[in-house]
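Below is a short briefing on one protein model, grouped by topic. Please read it alongside the sequence and the coordinates.

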Amino acid sequence: MERGRLADRAYWHVRNGILSGDLPPGTVLAESELAHVIGGSRTPVRQALGRLLQEGLTEVGPRRQSIVRGFTPDHREEMQLLREALEGVAVRRACEVIELGEVDRLRLLIIQQRRVAAAGLNDQFLELDEQFHLSIAEGARLPILHAFLGQLRGFVRVATLGAIRPPRVLDEVVNEHERIVDAIEAHDPERALRTLVDHLARSDYTPSDVSP
């Protein structure tokens, strides 16, 4: 049981470090150093790194060590295609089955997004943005799709590390989110899908961009 807890601790320590940028792409993940950090042996660390390898956030380096994975422009293009396909399924189904309380949660997330957008808090906005898109999949009653999107969002976070968007751009993202929710609440799958696709098309950015 203790080994399982240590493996979980190691997993979340490394995963959070990757998604926050504290462990940037190319970082070597030394088992001995991580074991010291979590206060355990190398075995639970090895288990955690194996889990991250399966998720695609790490890869095996030339010396067989685990390293944080980087993403190329081709990878980002593939992510965009996958997001459009998977999130398109989610919004269409959400139009059919989402409950009013879940729509209210989406609107609450939008209110929170407006506040952090006005303050230019990019990191907090990114967290809320992720919650927003994953909450649509939850409301669509698609748990397997939700898991896929959670993994894909991890890739997106790493691929866009360092991107800073000014408040005016963040505010436009919130407006787009609001239009998506309006369409979902109106049970209009065609409008919801069209709005989502337009939104994702403007979300294709690299760390040097400021577009949403």
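**Briefing on the predicted model**

Starting at the N terminus, the elements of the protein follow the order α-β-α-α-β-β-α-α-α-α-α-α. That makes 9 helices and 3 strands. The model is predicted, and its mean pLDDT is 91.

**Confidence**

- Of the residues in the protein, 94% reach a pLDDT of 70 or more.
- Mean confidence is highest in helix α5 (residues 100-118), at 97, and lowest in helix α1 (residues 2-20), at 88.
- Over residues 206-212 the pLDDT stays under 50. For this stretch the model has 25 contacts beyond four places in sequence.

**Overall shape and packing**

- Along the principal axes, the C-alpha atoms fill a box of roughly 55 × 40 × 30 Å.
- Buried residues account for 44% of the 212 residues.
- Among contacts with a separation of 6 or more, 72% are between residues 24 or more positions apart.

**Surface and charge**

- The protein exposes about 10,900 Å², and carbon and sulfur atoms supply 53% of that area.
- There are 32 negative and 27 positive side chains. The centres of the two sets lie 5 Å apart.

**Serine 66**

- Serine 66 is part of strand β3 (residues 66-68).
- Its relative accessible area is 18%, so serine 66 counts as buried, the cut-off being under 20%.
- Beyond its neighbours within four places in sequence, serine 66 is in contact with Thr27, Val28, Leu29, Leu49 and Glu59.

**Two arginines with positive phi**

- Most residues other than glycine have a negative phi.
- Arginine 64 is not a glycine, yet has a positive phi of about 70 degrees. Arginine 64 sits in the loop between β2 (58-60) and β3.
- With a relative accessible area of 70%, arginine 64 is exposed, because the cut-off for exposed is over 50%.
- Arginine 141 is likewise not a glycine and has a positive phi, of about 60 degrees. The loop that holds arginine 141 runs between α6 (122-139) and α7 (143-159).
- Arginine 141 is partly exposed, at a relative accessible area of 37%.

Note on methods. Residues are numbered from 1 along each chain as its sequence is written. This is a predicted model: local features need pLDDT of at least 70, side-chain atom pairs count only at pLDDT 80 or more; totals for chains, interfaces and linings use all residues. Side-chain values use heavy atoms; hydrogens and water are left out. pLDDT is the predictor's confidence in each residue, from 0 to 100. Helices (H or I, at least four residues) and strands (E, at least two) are DSSP runs, numbered from the N terminus. Contact means heavy atoms within 4.5 Å. Buried means under 20% relative accessible area, exposed over 50%, partly exposed in between (1.4 Å probe, protein chains only). Accessible areas come from the Shrake-Rupley method with a 1.4 Å probe; for residues, only the protein chains shown count as cover. Lys and Arg count as positive and Asp and Glu as negative; His and the chain ends are not counted. The place of a charge is taken as NZ of Lys, CZ of Arg, CG of Asp or CD of Glu.
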